[in-house]
Amino acid sequence: MSSSTSLFAFPLLAIALALGGDGCGPLPACSSGTELGNGGWCQPPSAVHLNTVGFLPERAKVAIALQAATTFSLVRADGSEALSGNATGPVRDGDTGMDVWTIDFSWFTEQGTFHLDVPGVGRSVSFRIDANIYADVTKTLMLGMHGQRCGAAVQLVHDGKTFSHGVCHTEDAVPWEDQASGTVKDVTGGWHDAGDYGKYTNNAAFSLGMLFRAWELYPNKLATLTLPIPEHGGPLPDFLAEAKVQLDQLLKMQRDDGSVYQQVSEISFEGFIPPTFDTGTRYIFGFGTVQAADLVAVAAAGARLFLPYDPEYATRCLAAAQKSWAYLQANPFVSANLSGTRHPGYWRRDDGPERLWAAAELWETTAGADALAAVETKLGTTSVASNWDWANVGNLGIFTYVLSKRGGRDLPLLATVSGNVVGSANAILSQISTSGFGRGISDYSWGSNGSIARTTLNLMVADVLQPDARFADGAVAQLDHLLGRNVYGRSFVTGLGHFSPIHPHHRPSAITGAWPGLLVGGPNGSATAWTDEQGAYEQNEIAINWNTAMIFGAASLMP
Ligand code: 9MR
Ligand code: 9MR
Ligand code: ZN
């Protein structure tokens, strides 16, 4: 796991270095057992692998050891022992082949700062047991979203360090098909998608969909969240104000005929430069039904969510949703033509899941019979995915349908689909129980950390349909994993928890050090295929669809 080993073990990185593309250089060497950490000193992972932020008093508390553990003690910050007990195990984790010992102190409810001492293994980092930890986690992840803002100057402070950039990408953008005329259509604003400065309609809508689901399930929790954003103190709750930045930009992506553009970016990826230095021509590439359906979904949802605060905006959102809905009714699948760009990464080959989501959100907002018929037709042939990402937004529509308080649904269908949602959550629970590291999904593909975070939607929607404490504990296990109960004994979120990523593939971070509140993609290819290196974009990039999934999970566990 040392940086020098992974440098050679990771061929793509070797290629990137050979091309000299992205300013990623060899890291200073650390002695064995330590790695270069925040602030530039060598530090070890937590000896006991656990959620390095902490635990909720009333929920599961599980830590793991990767060496033989027999007993443990939980120690308060003043050195007194709070409890002692026995570890269990080992169990063999199938993904890594590692033996894993479990330390379970779930029944302990005292709040405070603690660490674990495990003879033969070592001492964990300090962590909190506190009912408020997930308010802090949610806030930091939302700060991460704020840092992704495009077309605006951004300044944020975290742990005493300031991160900022000036107004960027003010000339967004030239429609690719009209480039001869040189017309610029205003598609400024929104969030940078990831470590690059592109903006992609389907992934932005997907990300908003998860934030909106969080808002609708946890309005009282999220209304209390204060964020250091310019809109603070205005008419909108801060959480919705940050989300509106992206919805505003998506509304600008709509074309006159109701179709919607897909991508705003340069032809190729930018260099590793600050956003304000990125002044190459940006184009708008492709449009089609996937994007129209995505806009219907988020604009229709926006029309309900913003109504209490800004009725005029809600009306505008609904009109936009209806316009793209009409386009969808008149057009079978229209594929976005992304041939002008060299990186059409979010291209979609069909629009089925998007149409389902669009119909569900429009129906929930308007009670329209055509939308209900459309969603119910799709539901007859759609399963509930336990592992899902930007290419399969169907779950968002399914969750809206089953959680709705509206009448008029086909009751046998509703019962079947609700049962399938609970079934998906139970499948996630059984996957968690077979993983030494508590992962709710079994594969390791690009953005696997985001997919782990996203299982919290299945779990918590199931918890509404069929309340069961195991669902929230399953969600806790996912957050535990992302914050340190993993192979690495490290947090996967920049600026949060112990030994968080230092070199994310994120252009602004390359210049000023890791911006806070960003979930990195995680192992991609196998259970141990993650490295904290800037060049490793397939494992260590950050992205809005990963962050917003984790925001949902953290919000669900707020007090
Ligand atoms: O920085 C780019 C990142 O956002 C993408 O996810 C990734 C894959 O499409 O590509 C990155 O850009 C790399 C490019 O594809 C190849 N040359 C090196 C670039 C920076 O690592
Ligand atoms: O997260 C995306 C992953 O599912 C795809 O396999 C991959 C290649 O198409 O692209 C990932 O998304 C990247 C996008 O294409 C460009 N911006 C950075 C995204 C995160 O790496
Ligand atoms: Zn920008």
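Biologist: Where is the place of Q67?

Modeller: Elements come first: helices (H or I, at least four residues) and strands (E, at least two) are DSSP runs, numbered from the N terminus. Q67 lies in the loop that links strand 4 (62-65) to strand 5 (71-76). This is a predicted model: local features need pLDDT of at least 70, side-chain atom pairs count only at pLDDT 80 or more, and totals for chains, interfaces and linings use all residues. Residues are numbered from 1 along each chain as its sequence is written, chains are lettered from A and ligands numbered from 1 in the order in which they are written, and side-chain values use heavy atoms, with hydrogens and water left out.

Biologist: Which residues is Q67 in contact with?

Modeller: Contact means heavy atoms within 4.5 Å. Setting aside neighbours within four places in sequence, Q67 meets W101, G120 and V121. Q148 is 81 residues away along the chain, and its C-alpha lies 40 Å from that of Q67.

Biologist: How is the protein divided into domains?

Modeller: Domain bounds come from an automatic or database domain assignment. Here that gives domain 1 (48-129) and domain 2 (132-160 + 170-347). Over C-alpha atoms, their centres are 41 Å apart. Six residues from domain 1 and four residues from domain 2 make the contact.

Biologist: Which residues have the most contacts inside the largest nonpolar core?

Modeller: A nonpolar core is a set of buried Ala, Val, Leu, Ile, Met, Phe, Trp, Tyr and Cys residues joined through side-chain atoms within 4.5 Å. The largest one holds 138 residues, with Y134, F212, F239, V298, Y401 and M550 having the most contacts inside it. Helix 7 (residues 289-305) gives the largest share, 11 residues. Domain 1 and domain 2 both contribute residues, so this core lies between them. A second, separate core of 22 residues includes L50, I103, F108 and F127.

Biologist: What does F212 touch?

Modeller: Not counting residues up to four places away in sequence, F212 touches A243, L247, V298, A301, G302, L305 and F306.

Biologist: How is the zinc ion (ligand 3) coordinated?

Modeller: Look for donors: N, O and S atoms within 2.8 Å of the metal (3.2 Å for Na, K and Ca); water is not among the atoms, so sites may look incomplete. The zinc ion (ligand 3) has C150 (SG), C168 (SG), H169 (ND1) and H192 (NE2) at 2.0 to 2.3 Å. Their spacing along the chain is C-x17-C-H-x22-H. C150 sits in the loop between helix 3 (133-147) and strand 12 (154-158), and C168 in the loop between strand 13 (161-165) and strand 14 (174-175), so the pair ties together parts 18 residues apart in sequence. C150 and C168 are both buried.

Biologist: What is the geometry at the zinc ion (ligand 3)?

Modeller: Four donors count as tetrahedral if all angles lie between 85 and 135 degrees. The angles here are 101 to 116°, and the site is tetrahedral.

Biologist: How many residues of helix 11 (residues 394-403) are buried?

Modeller: Helix 11 has 10 of its 10 residues buried, so the rest of the structure largely encloses it. Its cover includes helix 4, helix 7 and helix 12 (411-434).

Terms used
Buried means under 20% relative accessible area, exposed over 50%, partly exposed in between (1.4 Å probe, protein chains only). Four donors count as tetrahedral if all angles lie between 85 and 135 degrees; four count as square planar and six as octahedral if opposite donors are over 155 degrees apart and all others between 65 and 115; anything else is irregular.
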